[in-house]
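Here is a short report on one structure. Look at the sequence and the 3D view first, then read on.

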Amino acid sequence: MSGILGFADAEFRIALRNRWVAILTVTMALFALVLTLAGSGPTGTLGADQLSVTVASLTGLAVYLVPLIALLVSFDAVAGEVERGTLALTLAYPVTRWGVLMGKFLAHIAILAVALLVGYGVAAATAFGLDPDAARGLEALVRLYWSSLLLGASFIGIGYLASTVARRPATAAGLVIGVWLILIVLYDLGLLAGVVADDGGAFTTRVFPWMLIGNPADAFRLFNLAASDATAAAAGVDGAANSIMPLQALASIAIWPFAAFALAAWRFRRIVP
Amino acid sequence: MHNLTIDGVSKSFDGISALRDVSFSVDAGQKVALLGHNGAGKTTLMKAILGLQGADSGRIEVLGSAPGSARARASVAYLPENVAFHSALTGREQMRLYLRLRRQPARLADDLLDRVGLGPAAGRRIGTYSKGMRQKVGLAQALIGQPRLLILDEPTSGLDPVARRDFYAILDDLARGGASILLSSHALTEVEARTDRIVILSKGAVVADDTLIGLRAQAGLPTHIQVAARQGAADEVAQRLSAGRRNGVMVELTCTPEDKLARLGEITALGPLVRDLDVVPPSLDDIYEHFSRRAER
Ligand SMILES: Nc1ncnc2c1ncn2[C@@H]1O[C@H](COP(=O)(O)OP(=O)(O)OP(=O)(O)O)[C@@H](O)[C@H]1O
Ligand SMILES: [Mg+2]
């Protein structure tokens, strides 16, 4: 246990000094600010408070940025140690491989929690400044926060998996960028193309919803949009959102972190330092 | 009681044999140097001892346990070759991590860094350290706790002469406390003076395993004796010792280790003709070359 905490402490400091994390956190805070200010139109007509509207736009932002931050802090976890030669040293200590990875996992989730607190905090503070009714959207914001952490944890696990597969930091970095492009950008385009080509057939009604839920990023978006009162405010973002139970989407983003971590830990066992 | 026993260990990588039937042991309080050419298998053997990379055959016993077992890892310290720590951490933070992994209080970090002369740099990022300073971080972590076996892969590479001497002094302390030390090195002169036994690997096989004195005797290499004669007496001295004259005053002769005392007797018998003498035993360089050459044949 003291070993796991030791790793968590050291990795947290490393991530805190990671320039990418700082840049992305600031980016997120700026975007959140802009989205809040831009969305501060006549919200009254839609019946939604300012914060709920902000949360809806933040959800769209988080789908891109949270996985990116998660992958950028995690890709070096194993490959970096292999390259520096510290993995042999680490594994000569009385620690388990599982403990090594778990310590890093805790640290990386913690750094993500801090980054999101800053980003979402800026948005929330602005929303409260603009709309005294913003407290009505607090529940949605809290939901967005913890589901973002689950989404991030999934991608941290995926980052570790890439790190163990690639074994070299440069390769791992390329791999996670590819993973991000595929899971976040291309996956949806592919599904969309499938739906269009299928024209309301079996794919659209049976396969498509499950493929959507199977991807943690899509499940995250569905869950937040379906569960939020602001669904109406953001109507049209995901037509399928209404047809899928938020519970299944929640199950998906809750299972992903464990599955991804377990897979990475299993791959890690096979690495010879 | 052996702290480390290696018995008939072999290992090959895709058909290339890295270790061939290696056997030797290290006792408590012993400092053993592992020598050998690049690619001789030193690092491979060390990784097998640590259980990081299993051997194909043979038996290794570390402090009575299997290599890499929890019990072995609890009392074995390791310094890998060319280790580079994360550049974003300070020396102190890095040591705190390793202390925690050994369940030691993290506040000992500064003491350990002081011990290897890194005290003033403890709060600086490792990325700003020089090569030798980074190596010292590696040494400091190997001293954590009371390791009973230290496996050090080229520990003095990059260290300045003073740091080397300090490092060997620390090893002497540890050995006096009963720790066993196995270290690899390419710096033969320092190993010669600072270790109890020398194991030479060549192409994965042990070609020599003895104390320096034992290796000298086995190699049977000649000892050089340099005699400084009184002014103008060099020719007479050379003639009476039936040796070669090097210049106006120096006479040089070589002899086998067994003849050495007899020859010294002859020289002292010359009395006032001789002003001074130096006995130059074969250096470890010579001995090393002898055993590696013999292995090649
Ligand atoms: N992971 C590996 N895969 C393939 N071959 C390897 C591997 N590790 C070591 N070898 C081979 O095993 C042999 C011994 O290598 P080793 O690293 O043990 O040498 P060494 O004695 O430590 O050399 P040096 O003094 O250069 O550090 C070499 O021929 C090397 O190419
Ligand atoms: Mg080596």
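**Contacts and the model**

Two residues are in contact if their C-beta atoms, placed from the backbone, lie within 7 Å. By that rule, Ile151(B) touches Met46(B), Ile49(B), Leu50(B), Val76(B), Tyr78(B) and Leu182(B), leaving out residues up to four places away in sequence.

This is a predicted model: local features need pLDDT of at least 70, side-chain atom pairs count only at pLDDT 80 or more, and totals for chains, interfaces and linings use all residues. Residues are numbered from 1 along each chain as its sequence is written, while chains are lettered from A and ligands numbered from 1 in the order in which they are written.

**Nonpolar cores**

A nonpolar core is a set of buried Ala, Val, Leu, Ile, Met, Phe, Trp, Tyr and Cys residues joined through C-beta atoms within 7 Å. Buried means that 20 or more other C-beta atoms lie within 10 Å of a residue's own, with C-beta atoms placed from the backbone.

The largest core has 159 residues. Ile69(A) and Ile151(B) touch the most other members. Helix α3 of chain A (residues 50–74) gives the largest share, 15 residues. Helices here are DSSP runs of H or I, at least four residues, and strands are runs of E, at least two, numbered from the N terminus. Apart from this core lies another, of 9 residues, including Ile225(B) and Val251(B).

**A sheet in chain B**

Strands pair if DSSP finds at least two bridges between them. An open sheet of 3 strands runs in the order β2-β1-β4 in chain B, with antiparallel pairing. Its edge strands are β2 (16–27) and β4 (57–62).

Strand β1 (residues 2–13) of chain B pairs with β4(B) over 5 bridges. Leu4(B) has Val62(B) as its bridge partner there.

How values were computed
A residue is buried if 20 or more other C-beta atoms lie within 10 Å of its own, exposed if 12 or fewer, and partly exposed in between; C-beta atoms are placed from the backbone.
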